[in-house]
Amino acid sequence: MKIRVLGSAAGGGFPQWNCNCRNCSGLRRGSLRGVARTQSSISVTSDSKAWALVNASPDLLHQIRGWPQANPARSIRDSSIAAIILVDGQIDHAAGLLLLREGSPLNLYTTAAVREDLLEHFPVIPMLEKYCGVNWLEIQPERILSVANLPGLQFRAIPIAGKAPPYSPARNKPRLGDNIALAIEDTQTGRVLFYAPGLAAFDDSIRAEVARADCVMIDGTFWIDDELIQQTIGHKRASDMGHLALSGDKGLLAELERFPHPRRILVHINNTNPILDEDSPERRMVEAAGIEIAYDGMEIDL
Ligand code: MLT
Ligand code: MN
Ligand code: ZN
């Protein structure tokens, strides 16, 4: 299996258009060592020909321009993206669907809960019906899912603790399927990627998935639970937004350190997170633990 990180940042990207936090202003001024990042998306393939796009970010066009394999040019209009799979209906993961409207009908895989939001509350599915059309297919929790034109990969959705998007009436009334993680297996090699860009809690079902995986790409959104409050940016905690912070005794890093086997990579990193500063002590802590930090264009051969 091959994985390409199209976008490694959380909603807003890095630097964020209106943000003057230490990281964003430092990167803009050139006083911070780091790299710009676009919003959260990966792509996965078993044969380097047909790819599953996992999350469609609002930065998708930019991400595709920097990715030569996205257009193999077999016909006047072409794309190697065979299917699109969403782990939630958040704007950073779903708004990019609108940017694929010029092609043939989209093979779109979501849970029933996410579909409801994309039909009623952020109605990209009915909108796309007037352009390219959508073949919607349901992702059912814990069922093995084979995806159109991607016979070499199998997907399994693990329902996880998280939050529906702010625009959803389910924001404070959680439904099964608002947020999923994916275990993606290459059927030839048996190698498994566990992908969870949003994760509110690290429980035993997640521990079992991480133990089984060969590579883990996981929620690196916030360093500390009150990061936005400390930086006077907002009042929401990481936990209010469905993210488990990295630091602390019960933080994600402490959990990941117990699983040295899989390659462990942080994704969906918010622009306020000090690990984006390549000279920060937080960055050194992550690297010392053997944990990697995803960047746009990162490719993994698994
Ligand atoms: C989140 O996952 O909480 C988001 O990145 C929020 C957003 O997309 O605005
Ligand atoms: Mn997000
Ligand atoms: Zn910022």
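Let's start with two neighbours: strand β8 (residues 150-159) and strand β9 (residues 180-186) run antiparallel to each other and are joined over seven bridges. In this pairing, A157 sits opposite L182 of β9. Strands here are DSSP runs of E with at least two residues, helices are runs of H or I with at least four, and both are numbered from the N terminus; two strands pair if DSSP finds at least two bridges between them.

A word on the source: this is a predicted model, in which local features need pLDDT of at least 70 and side-chain atom pairs count only at pLDDT 80 or more. Residues are numbered from 1 along each chain as its sequence is written, and side-chain values use heavy atoms, without hydrogens and water.

Now step back to the whole sheet. It is open, with seven strands in the order β7-β8-β9-β10-β11-β12-β13 and mixed pairing. Because β7 (144-147) and β13 (292-293) stand at the edges with a single partner strand each, one side of each has no neighbour in the sheet.

Next comes the manganese ion (ligand 2). Its protein donors (N, O and S atoms within 2.8 Å of the metal) are D92 (OD) and H268 (NE2), 2.1 to 2.2 Å from it. D92 belongs to helix α3 (residues 91-94) and H268 to the loop between β12 (263-267) and α9 (281-288), 176 residues apart. Both residues are buried, meaning under 20% relative accessible area with a 1.4 Å probe, protein chains only.

Note on methods: Chains lettered and ligands numbered in written order. Donors = N, O, S within 2.8 Å, 3.2 Å for Na, K, Ca; no water. Buried < 20%, exposed > 50% of the residue type's maximum accessible area, 1.4 Å probe, protein only.
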